[in-house]
Amino acid sequence: MVKRSEAALDLTFSALADPTRRSILKSLSHGEWRVTDLAEPFAMSLPAVSKHVSVLEKAGLLKRSRLGREHYLKLEAAPMRQAATWIEHYRKFWEGSLDELARYLESNPVSPTSNQKPKKGKKA
Amino acid sequence: MNTIETTQPLVISRLIKAPRERVFEVWTTPELAQWICPGERRVVSSQVDLRVGGAYAIHLETDDGPVTFGGIYRKIQKPAQIVFTWVIGDCLPEYAGHQSQVTVDLAEEKGGTRLTLTHEGLPNAELAEKHGRGWNGSLDNLEKQV
């Protein structure tokens, strides 16, 4: 399960690691596009754009549907957004907690339990 | 077709200016309640049963009301690693009972202890939809990300 999610993560990040692909996703955030229209703003051949589209598709970030000869592309952002929201929620939580932990250890450097053995010397 | 079924793990790394044994201790004793919830809070109770399969539970009173944390220890490797489940309590009723997993790795480093926290298995899109939280409308979050 972990492996699977890491593989998916690798795909997502490598898909997002390219400025053209990020632009494609941004365009798609405004609605469905035909591959041919999508290629226009990029000074790029249709096959070149198609290659980027395939990478995004493999990462599950967009969905392709066919109508006759035309390919329509749609953003599949929900999983990514959902992930981002949770990650953000817990990041805030843990960052805050770890700040608190650092402060707590500064003012309580030694164990409060009296039956605790005296502090051992630092291991070399 | 590939879709992202689980969310990516959250990883946070910090250098804590304290010996590793002490950092391990504040994670694995009721002292946990003294720092784990940031902000103004009062500890109502805290229990720690430090053994694999044992539970920890912390009840706090915060400005936003009572908050409960808890879970089960899955791996204890003193003083290097603790793995425990994280169960969403009543603070997020729509996700209450959802389980994720936290791994805390502690390594000795110059100046203190390197703490690496990995939180994985957070609720995914499917779970969110099950709970009726659609993600329609704005794509602001995505735009921020890309």
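Modeller: Gladly, with the caution that this is a predicted model. A helix here is a DSSP run of H or I with at least four residues, numbered from the N terminus. Helix α4(A) covers residues 46-58, and just after α4(A) comes Gly60(A), which takes a positive phi of about 75°.

Biologist: What span does α4(A) reach, and what span is expected for it?

Modeller: With its 13 residues, α4(A) reaches 18 Å from its first C-alpha to its last, and this is close to the 18 Å expected at 1.5 Å a residue.

Biologist: Which residues of α4(A) are buried, and why are they said to line one face of the helix?

Modeller: The buried residues in α4(A) are Val49(A), His52(A), Val53(A) and Leu56(A). Looking down the axis of α4(A), one finds these buried residues within an arc of 100°, and therefore they line one face. An α-helix has 3.6 residues a turn, so residues three or four places apart point the same way.

Biologist: Why does Val67(B) count as partly exposed?

Modeller: A residue needs 20 or more C-beta neighbours within 10 Å to be buried, and 12 or fewer to be exposed. Val67(B) has 19 such neighbours inside 10 Å, so it counts as partly exposed. This residue is found in strand β4 of chain B, residues 65-77, and its C-alpha atom is separated by 8.9 Å from that of Cys37(B), 30 residues apart along the chain.

Biologist: Why are β1 and β2 of chain B said to stand at the edges of the sheet?

Modeller: The open sheet has seven strands in the order β1-β7-β6-β5-β4-β3-β2 (chain B), with antiparallel pairing. Because β1 and β2 (41-48) of chain B each have a single partner strand, one side of each is left without a neighbour in the sheet.

Biologist: Which residues touch the most other members of the largest nonpolar core?

Modeller: They are Val23(B) and Leu32(B), in a core of 26 residues. The elements that give two or more residues to this core include α5 (78-107) of chain A and α1 (20-28) of chain B. Contact calls for C-beta atoms within 7 Å, and, neighbours within four places in sequence left aside, Val23(B) is in contact with several residues, among them Leu105(A), Ile16(B) and Leu115(B).

How values were computed. Residues numbered from 1 in each chain as written. Chains lettered and ligands numbered in written order. Predicted model: local features only at pLDDT ≥ 70, side-chain atom pairs only at ≥ 80, totals over all residues. Expected span 1.5 Å × (residues − 1). Arc of directions from axis to C-beta. Core = buried A, V, L, I, M, F, W, Y, C linked by C-beta atoms within 7 Å. Contact = placed C-beta atoms within 7 Å. Pairing = 2+ DSSP bridges.
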